[in-house]
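Student: I would like to learn how to read a structure like this one. Please show me.

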Amino acid sequence: MTTAAPAKTQPAKTQYEAIIGLETHCQLCTETKIFSPASTAFGADPNTYIDPIVVGMPGVLPVLNQRVLEYAVKAGLALNCQIAPYSKFDRKQYFYPDLPKNYQISQYDLPIAEHGWLEIELIDKKTKEATRKRIGITRLHMEEDAGKLVHAGSDRLAGSTYSLVDYNRAGVPLIEIVSEPDIRTGQEAAEYAQELRRIVRYLGISDGNMQEGSLRCDVNISVRPVGQEEFGTKVEIKNMNSFSAIQKAIEYEIDRQIKANQTGEKILQETRLWDESSQRTKSMRSKEGSSDYRYFPEPDLPPIVVSVEQKEGWLAELPELPAQKRDRYEAEFGLSPYDARVLSDERAITEYFEAAMAAGADPKLTANWITQDIAAYLNTERVSIDALPLTPVALAELVQLIAAGTISNKIGKDLLPELLTQGGSPKALVEARGLSQISDPAQIEAMIDEVLAAHPEELEAYRGGKKKLQGFFVGQLMKRSGGRVDPKLSNQLLSQKLNQ
């Protein structure tokens, strides 16, 4: 009798690793387009912000918007790139309805910036501790955006009854930032994209609004067995309009490609779309190679020369960037990585926090108020911190009142809703309402005696062993005092009275 061979077990997912790189298109917030004086304003009626240059009429010539060059170099410097002293524009040929000239002016073999890096910081949700990883930047180049197709009856070409084209976006200046394939997980990719957005917002060169298309990320992803040197077949994913969508699309695609490897299914080199409704990627088209675009130097634009003086001048204008702020907040103020991250996430929040510091507030207490109570209010009401009636100086005053023991933390929280909506001076509000904290031991003891006398049964039960009733007496004391008694002192005095 022969024994059947044992079934082969499928390799575990941990035996594969993902190789991920991002191509990020970032619209620059110039007033006019990259090669023409047409407006870049968002939200206008279709095809109102176009001109002969945008649509490629015969006899017109593009002229580079010098602000675009400045913004591109600043972005390259912020990403630790080498700035090319000499670069050029190229024509990228492809035929699609949203491209009015049937070619895009971009940069191919001589981009404005190369060989940079940015550091991402991953925060553990439980411990709030951070780990850091450096992601390489292959290149950064300038180019013009295409128009926008509007598909009637569907958000995709498939399923629509007809399509319309709006050329308002055509010619809007872009920088494309291409990462090295250093990313391994969806979480890392989402954090990389968020850090890029923080940087361009700090620089003031883009609003980074993904919902309006100001920041668009395409993901290149393949999987391979751990230890294998060569990459697997690369797939590109498009149509992700949020950081959570980037993470979920990558996680889905990793699972899909690992299963294909395990079952022997061939992975095609293709472009896939992320379908938010079904939470999966779907095939869109086969992936083009660079030869398909038939690049050649743009004949209507001269080469770009960046002098040492220009570069040094723009470098001097760079602000303190998010990673630098995080490091400084941790070192100078003793803040946790989590708090430093929240406070440096947006420039407006940073400026608010630093204005409170300049007014004499305690860093850690101020950080707690901003990252907790104030952040919750901002998220609920969907307002920006720089629009709050509660000024940084007033927050500093509130924090100082608590730190000095003039009011308790609870009273501060009770006052906060009014301060957030109406503003004003916390000190004046405390004085007008008689809310100063009671710190006189004799006055607190008298209130404790009144509480104990009013609840003889609970007092007897406590002294009979039900020690959890101390919380009941604390609550009664707070109620009698209107929450004004010094918490530490009152707890100490109450404990002494209860245990006499």
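Student: How many positive and negative side chains does the chain have, and how far apart do the centres of the two sets lie?

Tutor: Lys and Arg count as positive, Asp and Glu as negative; His and the chain ends are not counted. Each charge is placed at NZ of Lys, CZ of Arg, CG of Asp or CD of Glu. Here the chain has 58 positive and 70 negative side chains, with the two centres 5 Å apart. This is a predicted model: local features need pLDDT of at least 70, side-chain atom pairs count only at pLDDT 80 or more, and totals for chains, interfaces and linings use all residues. Residues are numbered from 1 along each chain as its sequence is written, and side-chain values use heavy atoms, without hydrogens and water.

Student: Is Glu 253 buried or exposed?

Tutor: Buried means under 20% relative accessible area, exposed over 50%, partly exposed in between (1.4 Å probe, protein chains only). Glu 253 has 0%, so Glu 253 is buried. Val 165 is partly exposed, at 27%. Of the 500 residues of the chain, 46% count as buried.

Student: Which residues is Glu 253 in contact with?

Tutor: Contact means heavy atoms within 4.5 Å. Leaving aside neighbours within four places in sequence, Glu 253 is in contact with Ile 221, Val 235, Ile 237, Arg 272 and Thr 281. On that basis, the contacts of Val 165 are Asn 47, Pro 97, Asp 98, Lys 148 and Leu 149.

Student: What box do the C-alpha atoms of the chain fill?

Tutor: Along the principal axes, roughly 95 × 85 × 50 Å. Val 165 and Tyr 462 are 77 Å apart, C-alpha to C-alpha.
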